[in-house]
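Me: I'd like to go through a model with you. Ready when you are.

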Amino acid sequence: MQHYYHPYHLVDPSPWPYIGSCGAFFTTVGAVMYFHYSQSWILILGLITLIFTMVVWWRDVIRESTFQGHHTFIVKQGLKYGMILFILSEVCLFFSLFWAFFHSSLAPTIEVGAVWPPRGVNPLNPWSVPLLNTAVLLSSGATVTWAHHAIISGNRKDAIAGLFLTVLLGIGFTGLQAMEYYEAPFTISDSVYGSTFFLTTGAHGGHVLIGSTFLLVCLFRLISHQFTRHHHFGFEAAAWYWHFVDVVWLFLFIFMYWWGS
């Protein structure tokens, strides 16, 4: 049998995409069951399956890129294009959420009192927790850039410090937003204001959790000497994603918290 050598990575058959999709299905069905019938066992099963799939699938990708050397220059180029397209799809998601917000706020209907915010809704003060969260998230953008430059310069100590600070700031942001949700004077069912506010800020909060997890995995990999000056796309993708999350928050703060209130 003749072997052809090429720079592409032909991935071995893997069970994780199928098992992950089953976990997502169980999570969705389980959430509906929990909302309507207060039965949580399907939801818990789905979440456990998803977490297990993430751990073993990431382990396989890290092994392929780091120890088996499958991530050649051509493969890394493909991964970069894939990450860019993924972030573009996320831009489309938030574009649709902001579209719903502006559709409702620029021409408020008679059902909400023909004013924005709707009558009876007491919006949050943008100059308290939201402003603090803005400072936290922008600071995390600076620290992740510091870590990136440190990796490129071969300064491992600064890279670990910068990435550790970024993860801490991401966790702090999530904690502050959870406190804000707990103390909010309105809920998701309070007219279209509550729906668009919690859906959009909640989607962003979910992305912060995903980005924090992404960066935490990169921190463990950095400590384990798995990133070099020329081979660190895993971290680069996480940094791109984190900067996207930063930019979306700026739009959220300006339009939903400040202008929208």
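Me: How many disulfides does the count come to?

Reply: Zero disulfides, taking a disulfide as a pair of cysteine sulfur atoms within 2.5 Å. Note that this is a predicted model: local features need pLDDT of at least 70, side-chain atom pairs pLDDT 80 or more, while totals for chains, interfaces and linings use all residues. Residues are numbered from 1 along each chain as its sequence is written, and side-chain values use heavy atoms, without hydrogens and water.

Me: Is Cys92 buried or exposed?

Reply: Exposed, at 53% relative accessibility. The cut-offs are under 20% for buried, over 50% for exposed and partly exposed in between, with a 1.4 Å probe and protein chains only.

Me: And Cys218, buried or exposed?

Reply: Cys218 is buried, at 3%.

Me: Pockets next. How much space lies in the largest pocket?

Reply: About 1,000 Å³. A pocket here is an open set of points on a 1 Å grid over the protein atoms alone, where a 1.4 Å probe fits, with protein on both sides within 12 Å along at least five of seven lines. Lining residues have an atom within 4 Å of a point.

Me: Which residues lie nearest its centre?

Reply: Trp58, Val61, Met83, Phe214 and Ala237, out of 31 lining residues. The lining divides into 18 nonpolar, 11 polar and two charged.

Me: Why does the largest pocket lie between the domains?

Reply: Because domain 1 (1-70) and domain 2 (72-258) both give residues to its lining.

Me: How much space lies in the second largest pocket?

Reply: About 230 Å³. Its 13 lining residues include Val11, Asp12, Ser14, Asp60 and Glu64, the closest to its centre.

Note on methods. Points joined across faces, edges and corners; volume = space filled by probe spheres on them. Nonpolar A, V, L, I, M, F, W, Y, C, P; charged D, E, K, R; others polar. Domains from an automatic or database assignment.
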